[in-house]
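Hi everyone, thanks for making time this morning. I'd like to walk you through a two-chain model and then take your comments.

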Amino acid sequence: MNEKALEINNLRKSYGAIDAVKGISLSIKRGEFFGFLGPNGAGKTTTIKCVTGIAVFQSGTIKVFGIDAVRDYREARKKIGLAPQEFNVDIFAKTRDILWYVGGFYGIPRELRKKRIEEILDKFELTVHAGKPFQQLSGGLKRRVMLARAMIHDPDLLILDEPTAGVDVEMRHDLWRYLQEMNKAGKTILLTSHYLEEVEMLCGRIAIINHGKIAAIGDKKDFIEGGHKLEHAYLEITRGEKNNESA
Amino acid sequence: MKARNVNWIGLQTFISREVARMFRVWIQVLVAPWSSALLYIFIFGRIVGARIGLIENVAYIDFVLPGLVMLNLINSSFLHSSSSLYFMRFVKHIEELLVAPLSYLEMIVGFVCGGIIRGLVVGLACMRWRFFLPLPRLSIFFSLYFIPFRYP
């Protein structure tokens, strides 16, 4: 059994002349709750897009549970569930249909898919909303649908790109509870968020990316030692880099 | 690509989603080409055709009808694949496909199959005008031969 859920080595990705990711390397252990932080445009989402197959990267390697994400992309993608920052679904489709089609894309047979959809609708308290088109759902429900969609094929690695953005306090607490339950059930979670208190509460290890490079990586306790808040360490690292660049 | 390496369930699901999307906008899919075909039949077949008369014992409508059917069929088929891809890119739910264990070839086959199915539905719907209007009978077998083998 491979102990590394995700292994990124020297990943580079550019959009034309803009280098979005400049050779980052990091690894996430199986069962870890990993926080991936950084300012807007730092390269978090681009890294996630490279891992999941949405973006094609220029160089480097990505392994998901030891499986090469490019060469054995089918097997690698079966192990990943993605809840992206934006609602990238067919907004006219009904919740149940969204789950049905995505389950099919992952090759889940009909009968198993039916059972799995009912389970996941129940787990995310979406059963009463199953027949509603996505566009008619509230912001919080939409987020839950995104999580349900990411979980439909029971992936081992869950990648959550700002899952609580624009969600009210109550719903955010519910989402935290779901995530903690999933992590306890053995899922490896990679979380990006601008709410540092949630990263501080949920994650065991954290990486900070800035200008396409890993600026810091380590256990949560390394960032908050001396009674500091994570926000303090985060600002010190990102602002420190900014000052170094301007000097 | 070996048959056992194909994600058959994924491909079948993708095609069924394309068909479901097609029937979700059935007015655009069926009524628009159906009424435009009627307009063409009326203008070319009835008004222009009446002035032209018979050419070597063939009425103008007999000559022009298969073309009108194919015009709508080809238009609908291309429109389906392009609008589906464009819409998916626009609202970004193409990412649903990109993160799934589907190859690019399977995605293309899915789009093409969706286009072919819509083309056939529209083509057959346009041929149905024959039930309401005095139009020539088009051979369904001949049409089915021409649609997949001659039209690409």
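Chain B has six helices and zero strands, where helices (H or I, at least four residues) and strands (E, at least two) are DSSP runs numbered from the N terminus. Reading along the sequence, you get the pattern α-α-α-α-α-α. Before I go further, this is a predicted model, so local features need pLDDT of at least 70 and side-chain atom pairs count only at pLDDT 80 or more, while totals for chains, interfaces and linings use all residues. As for labels, residues are numbered from 1 along each chain as its sequence is written, and chains are lettered from A and ligands numbered from 1 in the order in which they are written.

Back to chain B, then. Of its 152 residues, 32% count as buried; I call a residue buried if 20 or more other C-beta atoms lie within 10 Å of its own, exposed if 12 or fewer, and partly exposed in between, with C-beta atoms placed from the backbone. Among the contacts in chain B between residues at least 6 apart in sequence, 84% join residues at least 24 apart. By contact I mean two residues whose C-beta atoms, placed from the backbone, lie within 7 Å.

Please find helix H2 of chain B, residues 26-52. Which of its residues are buried? They are B:Val29, B:Pro33, B:Ala37, B:Ile41, B:Gly45 and B:Gly49. Keep in mind that an α-helix has 3.6 residues a turn, so residues three or four places apart point the same way. What do the buried residues of H2(B) pack against? The partners are H1, helix H3 (60-90) and helix H5 (104-127) of chain B. Just after H2(B), B:Gly53 takes a positive phi of about 75°.

Now over to chain A, which has nine helices and 10 strands. Chain A has 247 residues, and a compact globule of that length would have a radius of gyration near 18 Å; the value for chain A is 18 Å, which agrees. That radius is taken over C-alpha atoms, and the globule rule is 2.2 Å times the number of residues to the power 0.38. Along the principal axes, the C-alpha trace of chain A spans about 60 × 40 × 35 Å. Buried residues make up 45% of chain A.

An unreviewed UniProt entry annotates residues 6-236 of chain A as "domain: ABC transporter"; the positions are given in the numbering used here, feature names are shortened, and annotations may be inferred rather than shown by experiment. Over residues 6-236 the chain is 38% helix and 27% strand, and the end C-alpha atoms are 27 Å apart.

In the contact between them, 14 residues of domain 1 meet 10 residues of domain 2. On the domain 1 side, strand S7 (157-161) and helix H6 (169-184) each give two or more residues.

What about the inside? The largest nonpolar core has 77 residues; such a core is a set of buried Ala, Val, Leu, Ile, Met, Phe, Trp, Tyr and Cys residues joined through C-beta atoms within 7 Å. A:Ala148, A:Ile159, A:Leu190 and A:Leu191 have the most contacts inside this core. Its largest share, seven residues, comes from helix H5 (residues 139-151) of chain A. Both domains of chain A give residues to this core, so it lies between them. As for A:Ile159, its contacts beyond four places in sequence include A:Ile48, A:Val51 and A:Leu190. A second, separate core of 14 residues includes B:Val29, B:Val69, B:Val122 and B:Cys126.

One loop deserves a stop. A:Gly38 sits between strand S3 (33-37) and helix H1 (44-52) of chain A. Is A:Gly38 buried or exposed? A:Gly38 is buried, with 24 other C-beta atoms within 10 Å. Beyond four places in sequence, A:Gly38 touches A:Gly43, A:Lys44, A:Ile208, A:Ile209 and A:Asn210.

Last, the interface: 18 residues of chain B are in contact with 21 residues of chain A. On the chain B side, helix H1 (8-24) and helix H4 (94-98) each give two or more residues, and H1(B) has the largest share, with six.

Note on methods. Domains from an automatic or database assignment.
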